[in-house]
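Here is my note for your first look at this structure. Please read it with the model open beside you.

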Amino acid sequence: MAVNLVNVENVSKVYGTRALLDGVSLGVSEGDRIGVVGRNGDGKTTLVRMLAKLEEADSGRVTQSGGLRLGVLTQHDSLDPAATVRHEVIGDMADHEWAGNAKVRDVLTGLFGGLDLPGFPKGLDTVIGPLSGGERRRIALAKLLIEEQDLIVLDEPTNHLDVEGIAWLATHLRSRRSALVCVTHDRWFLDQVCTRMWDVQRGDVYEYEGGYSDYVFARAERERIAATEEAKRQNLIRKELAWLRRGAPARTSKPRFRVEAANELIADVPPPRDSSELMKFASSRLGRTVFDLEDITVQAGPKVLLEHVTWQLGPGDRIGLVGVNGAGKTSLLRAMAEAARTEGEAQPAAGRIAVGKTVKLAYLSQEVAELDPALRVLEAVQRVRERVDLGKGREMTAGQLCETFGFNKEKQWTPVGDLSGGERRRLQLLRLLMDEPNVLFLDEPTNDLDIETLTQLEDVLDGWPGSMIVISHDRFFVERTTDRVFALLGDGTLRMLPRGIDEYLERRRRMEEAVAAQTAVAPKPVTAEKSAAGQRVAKKELQKIERQLDKISEKESKLHAQIAENATEFAKVADLDAQLRDLAGEREELEMRWLELAEDA
């Protein structure tokens with residue numbers, strides 16, 4: 001029988017006049033792998049902080065088993081800025097001791113790309129203070145995973161990790177014996193790691209068996225029962241519930257929600273997208289030409305990112321774009337967007353981008369566009385348009401689309417200046433769609449969005465008739481909203497991947513294995529040693545540049561926040577904007593240097 005590690009008994013927590021948790025009772029046992037989901041602000045982080053006893057409940061009780069070894073990753077680390085990475089992660093272990101430990105080697109390689117931490121200027125002896133938030137978070141995660149725990153509590157562990165890092169973390173956590181409670185918006189990760197789900201909604205926590213996919217099926221069943229669906233479906237639900245209640249007496253836990261039964265429940269639900277109908281509608285809106293790239297070369301300063309690329313984005317195409325940092329994903333979108341903005345006048349360094357005459361592009365960049373902070377949410381949307389045509393006969397008012405994106409009637413009258421980062425991201429998306437574009441470029445659209453908002457966005461995009469390119473580390477979102485995946489692997493080419501992100505990860509793995517094999521069999525002459533040394537130096541500098549790029553991203557985010565706070569002080573805004581332009585120049589130079597080094601490495 002599994003030992004109970006943590007008990008939550010009738011716990012309540014109130015902030016202001018809002019009850020985040022109201023009489024919640026839960027338990028975590030040995031072997032549990034629990035994913036925590038819910039809207040931003042509904043209490044997910046508060047719940048896990050109370051589990052870890054980092055926050056007190058207003059009423060009720062949280063008890064932990066005696067001698068519980070607990071590891072916690074919060075959204076803000078407690079690392080000593082004066083300490084080195086070695087001191088925080090390895091501690092007092094001698095070099096031969098940690099280097100001979102398979103777990104330590106796996107964690108350092110998985111999170112940092114090598115035992116010598118090639119992304120850090122002095123490797124393990126790098127001082128933590130000057131590092132970026134993303135680097136500090138990886139250090140905190142490595143420190144936690146190297147230790148042994150009975151229970152691990154993780155709050156947004158996939159933040160600052162790319163597709164490969166997320167895949168490694170999922171594999172690592174599956175292999176551990178520790179119980180796990182994890183808050184994340186990454187649905188692919190939840191499906192890979194979790195066997196139970198907690199759904200935090202309006203003060204209550206609903207429990208479901210299985211990973212994210214099972215949770216979706218089970219929640220659909222619960223909501224269909226509550227909504228009293230039509231007789232045929234209701235009869236199916238009653239039969240399924242009767243089977244669940246009729247479980248064998250020997251069972252000690254609820255039976256897993258049957259996928260076969262779930263498939264019957266949704267048998268008459270159409271697929272997310274009618275691709276042929278959307279393609280036909282998109283063609284009528286866009287004509288034959290959307291974007292034609294003919295033998296183009298894309299540069300960042302003098303450095304070539306993409307060379308001799310010929311590619312076509314056609315009407316109704318839905319493309320996912322993945323690739324290594326600095327390969328040119330964002331630069332490619334910018335070149336296409338600039339050609340569209342100037343009606344074909346602005347062209348890349350070589351070749352030509354032809355833009356269809358009817359193209360109306362909406363480009364969601366990683367930077368959140370700033371609005372007048374005094375504007376109300378609904379006013380900000382209505383300034384774009386009062387009503388929007390979403391295709392397939394669907395039309396919405398500005399207020400209805402606001403509600404779809406999580407802005408209820410009360411929230412629609414909130415000043416833009418009072419919105420959180422995630423809410424501003426939602427508002428930016430909403431305004432883009434409100435302008436009825438027929439081509440969408442989405443660069444990291446899932447940043448700061450919770451799962452419910454992501455599913456609402458996906459639902460809107462399902463019936464959206466146009467062409468779309470998505471850059472995202474959120475694997476679930478890419479696979480859900482796009483039909484084909486293309487990759488930039490850092491060699492100046494653009495490749496289609498028939499098997500999507502799985503194929504991308506396999507290619508990256510093969511590339512890394514090939515580099516490792518070449519290093520292993522390299523002959524011993526002085527010239528070969530120099531070549532190997534050059535590769536090591538190049539790799540270290542590559543990782544250092546990636547660290548600098550992370551820092552620039554953080555600085556840009558802070559500058560955007562300062563611009564929002566000082567929106568009425570025009571002199572200060574101009575100064576902050578100048579700093580942003582300087583950072584953009586630094587980014588381009590670093591990306592250029594990254595690609596120069598990629599060949600040497």
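1. Does Glu 338 count as buried, partly exposed or exposed? At 30% relative accessibility, Glu 338 counts as partly exposed. Keep in mind that this is a predicted model. The value for Glu 338 is computed from that model.

2. Glu 338 has a partner. Its side chain meets that of Arg 341 in a salt bridge, at 2.4 Å from N to O. Both residues lie in helix α12, which covers residues 329-341. They sit three residues apart, about one turn of the helix. An α-helix has 3.6 residues a turn, so residues three or four places apart point the same way. Arg 341 counts as exposed, at 61% relative accessibility.

3. Now look at a pair from two helices. Arg 480 forms a salt bridge with Glu 458, and their closest N and O atoms are 3.9 Å apart. This pair links distant parts of the chain. Arg 480 is in helix α17 (residues 475-481), Glu 458 is in helix α16 (residues 451-462), and the two are 22 residues apart. Glu 458 is buried, with a relative accessible area of 2%. Arg 480 is partly exposed, at 25%.

4. Asp 150 and Arg 69 form a salt bridge, with the closest N and O atoms 3.0 Å apart. Asp 150 lies in the loop between α5 (133-146) and β6 (151-155), and Arg 69 in the loop between β4 (59-64) and β5 (70-73), so the pair ties together parts that are 81 residues apart in sequence. Asp 150 is partly exposed, with a relative accessible area of 24%. Arg 69 is also partly exposed, at 42%.

5. How many salt bridges are counted? The count comes to 27. Some of them form a network, which links Lys 13, Arg 49, Glu 55 and Asp 58. Side chains of opposite charge can pair when their charged atoms come close.

6. Check the cysteines next. The count of disulfides is zero. The cut-off is 2.5 Å. Cys 182 is buried, with a relative accessible area of 1%. Cys 402 is buried as well, at 0% relative accessibility.

7. Helix α1 (residues 44-51) is largely enclosed by the rest of the structure, because six of its eight residues are buried. The buried ones are Lys 44, Thr 46, Leu 47, Val 48, Met 50 and Leu 51. After α1 comes Lys 53, which has a positive phi, near 60°.

8. Turn to the surface. Asp 582, Glu 586, Glu 588 and Glu 589 gather there in a patch of negative charge. Asp 582 lies in helix α20, residues 570-600. Asp 582 is exposed, with a relative accessible area of 53%.

9. One last pair deserves a look. Arg 174 and Gln 192 are 18 residues apart in sequence. In space, they are 8.0 Å apart, C-alpha to C-alpha. Arg 174 has its place in helix α6, residues 163-175. With a relative accessible area of 39%, Arg 174 is partly exposed.

Definitions and conventions:
Residues are numbered from 1 along each chain as its sequence is written. This is a predicted model: local features need pLDDT of at least 70, side-chain atom pairs count only at pLDDT 80 or more; totals for chains, interfaces and linings use all residues. Side-chain values use heavy atoms; hydrogens and water are left out. Buried means under 20% relative accessible area, exposed over 50%, partly exposed in between (1.4 Å probe, protein chains only). Patches are made of residues with over 30% relative accessible area and no salt bridge: like charges are joined within 9 Å, nonpolar side chains (Val, Leu, Ile, Met, Phe, Trp, Tyr) within 5 Å. Accessible areas come from the Shrake-Rupley method with a 1.4 Å probe; for residues, only the protein chains shown count as cover. A salt bridge is a side-chain nitrogen of Lys or Arg within 4 Å of a carboxyl oxygen of Asp or Glu. Lys and Arg count as positive and Asp and Glu as negative; His and the chain ends are not counted. The place of a charge is taken as NZ of Lys, CZ of Arg, CG of Asp or CD of Glu. Helices (H or I, at least four residues) and strands (E, at least two) are DSSP runs, numbered from the N terminus.
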